[in-house]
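Subject: Structure handover

Dear colleague,

Please find the structure below. My notes on a few of its helices follow.

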Amino acid sequence: MKGSGQTAQGCIEYLYADHHGWLKAWLLRRLGNSSDAADLTQDVFVRLILRPAPKGLNSSGEARAYLRRMANGMCIDLWRRRSLEQAWLESLAHQPEALMPSAEQQVMVLQALQEIDQLLLSLPAKAASAFVMAVGCEMSDQEVAEELGISTRMVRKHVARVMLHCMQLEARHLAADPGILRVGS
């Protein structure tokens, strides 16, 4: 890359000018869809503006490796979101018409599912698995313990830990939305 006195903005401009086309082509091969490739390419550079690249990307190869890692993670996020959306749409297809949620409710549920997915990804694998098995699959503590090779006490600790994180996520939503009525207001 250019000299060490380069500003963060200059670094991003350099990365964009020299690697935008290459990154978009790489994403197109990976995703098979030019719109998705263009969107994710832009998302990579927006993320770089918000959180600049680390110093020391001294060669084109290092810069491309860094951009590819970022883009790969974003591809995985995109596929995960689409998988959740597909599962939600499949569950809706089995609902009787009279019980079908409104379009607004469907969007809210999908957003909540995506947030919970991100939350679970941020936690240790056993804690996330214990929570999904116990809450989502309605397995008993004993069944979860046997499946994960841990004690029932550990299952309860894992589930409680994830529930605490879910409650904190909900509290952040309540605090961020001034239109929600609060108890005692």
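Which residues are buried in α7? They are V155, H158, V159, V162, C166 and L169, where buried means under 20% relative accessible area with a 1.4 Å probe and protein chains only. Helices here are DSSP runs of H or I with at least four residues, numbered from the N terminus.

This is a predicted model, in which local features need pLDDT of at least 70 and side-chain atom pairs count only at pLDDT 80 or more, while totals for chains, interfaces and linings use all residues. Residues are numbered from 1 along each chain as its sequence is written, and side-chain values use heavy atoms, with hydrogens and water left out.

The buried residues of α7 pack against α4 (103-122), α5 and α6; contact means heavy atoms within 4.5 Å. One of them, C166, counts as buried because its relative accessibility is 18%. Apart from neighbours within four places in sequence, C166 touches L119 and F131. Between C166 and I116 the C-alpha distance is 7.5 Å, at a sequence separation of 50 residues.

Helix α5 (residues 125-136) and helix α6 (residues 141-148) have axes that come within 10 Å and cross at roughly 140°. Axes are lines fitted to C-alpha atoms over the stretch in contact, and angles run from 0 to 180 degrees between N-to-C directions. The two helices, α5 and α6, are therefore oblique to each other, oblique being what remains after under 35 degrees (roughly parallel), over 145 (roughly antiparallel) and 65 to 115 (roughly perpendicular). On the α5 side, K126, S129, A130, M133 and A134 meet V144, E147 and L148 of α6.

Regards

Terms used
Buried < 20%, exposed > 50% of the residue type's maximum accessible area, 1.4 Å probe, protein only.
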